Each structure stands twice: as structure tokens, then as C-alpha cells.
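Please walk through the structure shown here, beginning with a single side chain and ending with the arrangement of the domains.

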Amino acid sequence: MVTRTVDLRSDTVTKPTETMRAAMAIAEVDDDVLVCDPTAERLETEMARITGKEAALFVPSGTMGNLISVLVHCEVRGSEVILGDNSHIHIYENGGISTLGGVHPRTVKNNEDGTMDINLIEAAIRDPRGELVYPTTRLICLENTHANCGGRCLPAEYIDRVGELAKKHGLKLHIDGARIFNASIALGVPVHRLLQAADSASVCLSKGLGAPVGSVIVGSKSFIAKARRLRKTLGGGMRQVGIICAAALVALQENIAKLEGDHKKAKILAEGLNQIKGLKVNVTSVETNIVYFEIVEGSNITAEKLCKYLQEHGVLMMPESSSRIRVVLHHQISGTDVQYTLSCIQQAVTGVHDCNGDLKEISV
């Protein structure tokens, strides 16, 4: 019988802490659609301060945050956005920018570190003289950290260069900053510096920060005014939203400092996986809380079979393909959980060592 659960599917699976639940229970609320909810206002003010932007807006999800941001910048149907071919907006957000906004995505290849070559971005910008036949480029999107590239961090200097390119061509820059706090901690650079060149950003509260629901989009006052109208259009006005904003405020106060520990445990896990015969990890690419590992060709186990075995022992992971698995650390994964996970994986792959729960806590 499984006596423990180690949920490594995503950092979205965290449960509200007791402090969050207490804050939610006593949260002062009003109607946020009428711009009257005091707790939502506190959260938005704090996020605007942290990100260095004029204003902020709470939204139910990162997908809605990115969608609203793209639609504000690309008000004219038939506009075009340049974004990475491996980006979250392009792959995992149901094609919403096209389906709902009539915005055409033009992809540029993402490098292994999550960047796109500056010259390739510039080459993708449409020549305005061809507007009779081409869509009009209006926006560039970056992602920081870049999830599909293993949680890699885009440095401020790179973002600055993309921002300069955008201004040169009269474009806007949006950053999908779902895990921007992870990037900030890993790089040792304040969030506002990482977003300095951006016209807007979407910041997730329910990933590494561990809040139960929501994201915040940030930008100029005029940008947020338009975003608020679009949020209502998309069904994102949620009335007494202060109840969940209260948990997000606790997350900002208590969980940012825990991200460094998540990163250290991810590195420990990656190094441990790399020592198991039949598995391969690019340890140097593990910069934050996401780890991808490969099952070496010729092994007698597939990703699906390994994940099934692990589930039977209380360890949950997400297979990406027949030979690739994603693991995401968060503040509710302990050092003992990491060691238990490694023991279970070794047992499944090599048949050596039984899984047990009596392993020494890792100090982070």
C-alpha cells in the first residue's frame, strides 16, 4: 500500500498552506468587476510595484493573461505576433490568439536556452510595404523561464536587445513570465529588471509561488484599462476575487524565498538521475525547478511504463514522449521526497534498491 505521494507533474499541483487558508477565510472583499475589491487592489498594487509597471490586473489563468495581452497589443484582426516555435503561447494555449483574436502567429526557432536569435526575429518582421499581402507585425513574445526548454532563464541583457529591436520597428514586447520569479532568483536579478524592456507581462501565481489560482498581467495604465475590458469579454470577471487574491498575497510574502530551495533540489534530482544507468540528463541545463530526463535507447523500459511504475509507488510524473519525462519541483517537495523518487526510479530501471521512505533529508 502506498503511504506517500510525491507529485512532480507540475508546480501547479501545490495545495494552499494553512496561512493561505486563514488569509482567504478573513479576506476583505467586494465586487472586483466594479473595481471595488480591496484585496484584489492590494495584490495588483503590489505586483505593479514588484514588476516596475504602472498597473496590474488579476486574471483567472496564465492562458487568459497571455491571450488578453496579445489581443490588447494586436487590436486589429489580421495582426501578426512573432514568438518561439516551442513557446507555451504557441503550443499549449489552444490557439486562442488565432481562434478568438484573429492574430496570426509567426514562429521563430527557439534555441536550447529558450532564446531566439535576434537576427531571425528581425528577419521575421514583415515589411510594411507588403501590407497588401502580408499580415502586419505588431508584437514579439518571449517566455521567461522557458518551460519547454527545461526552465531556462532569459537574461536581462538578451531581453533588452529584443526590446530595442521591437522599438526600432515600432512593435510591442510581451513576456510570458509564468515563472519569472524563478528566473529572478536563479539569475539574482530583480523581477522589475527582467521586465524593464517589456510593454507587458503575464505572471503566474499558481506555479512556483504556490497560490491556488490565478495570474496577474502588468503594463501601462492604458494597457491595463483595455485589458480589464477584455477580461470581462472573456468571462474573467469573478466578483469577490479577493478571497483568492489573499492567498496570492501570502505566496508573495512567504514563497519567493523558497524558490532557491526548489532549484537546488531540482539540481540534486538531475544529478541523481544522471547516475542511474539507462537514463540521461543534461545537468548543466537545469537552472530552475524543471528537469527533463531521457531514457537511453535500448533500455528495457519506456517513459509510459516508468511513470506507471512510479505511480504505483506514489510518485507522479508526466511523460513527454516514449523516452522523455518532465519533472517539476515545488515548495511542497522535500529533500526526502527527492531521495525517495530517485530510489524508486533506480528500482524501476535497474532493479537495484527498493523504494523506502526512511531516507535522509537533503539540506537546501
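**From a buried histidine to the domain boundary**

H146 is buried, as its relative accessible area is 1% (buried means under 20%, exposed over 50% and partly exposed in between, with a 1.4 Å probe and protein chains only). The model is predicted: local features need pLDDT of at least 70, side-chain atom pairs count only at pLDDT 80 or more, and totals for chains, interfaces and linings use all residues. Residues are numbered from 1 along each chain as its sequence is written, and side-chain values use heavy atoms, with hydrogens and water left out.

The loop between β5 (136-143) and α7 (156-168) holds H146. Helices (H or I, at least four residues) and strands (E, at least two) are DSSP runs numbered from the N terminus. Leaving aside residues up to four places away in sequence, H146 touches N86, S87, N110, G114, G151 and R152; contact means heavy atoms within 4.5 Å. With N110, the side chain of H146 also makes a polar contact of 3.4 Å (a pair of N or O atoms within 3.5 Å; within protein, one must be able to donate a hydrogen and the other to accept it, and residues adjacent in sequence count only if both atoms are side-chain atoms).

On the scale of the chain, the domain assignment gives domain 1 (18-253) and domain 2 (255-350); such bounds come from an automatic or database assignment. The C-alpha centres of domain 1 and domain 2 lie 29 Å apart. Their contact takes 21 residues from domain 1 and 14 residues from domain 2.
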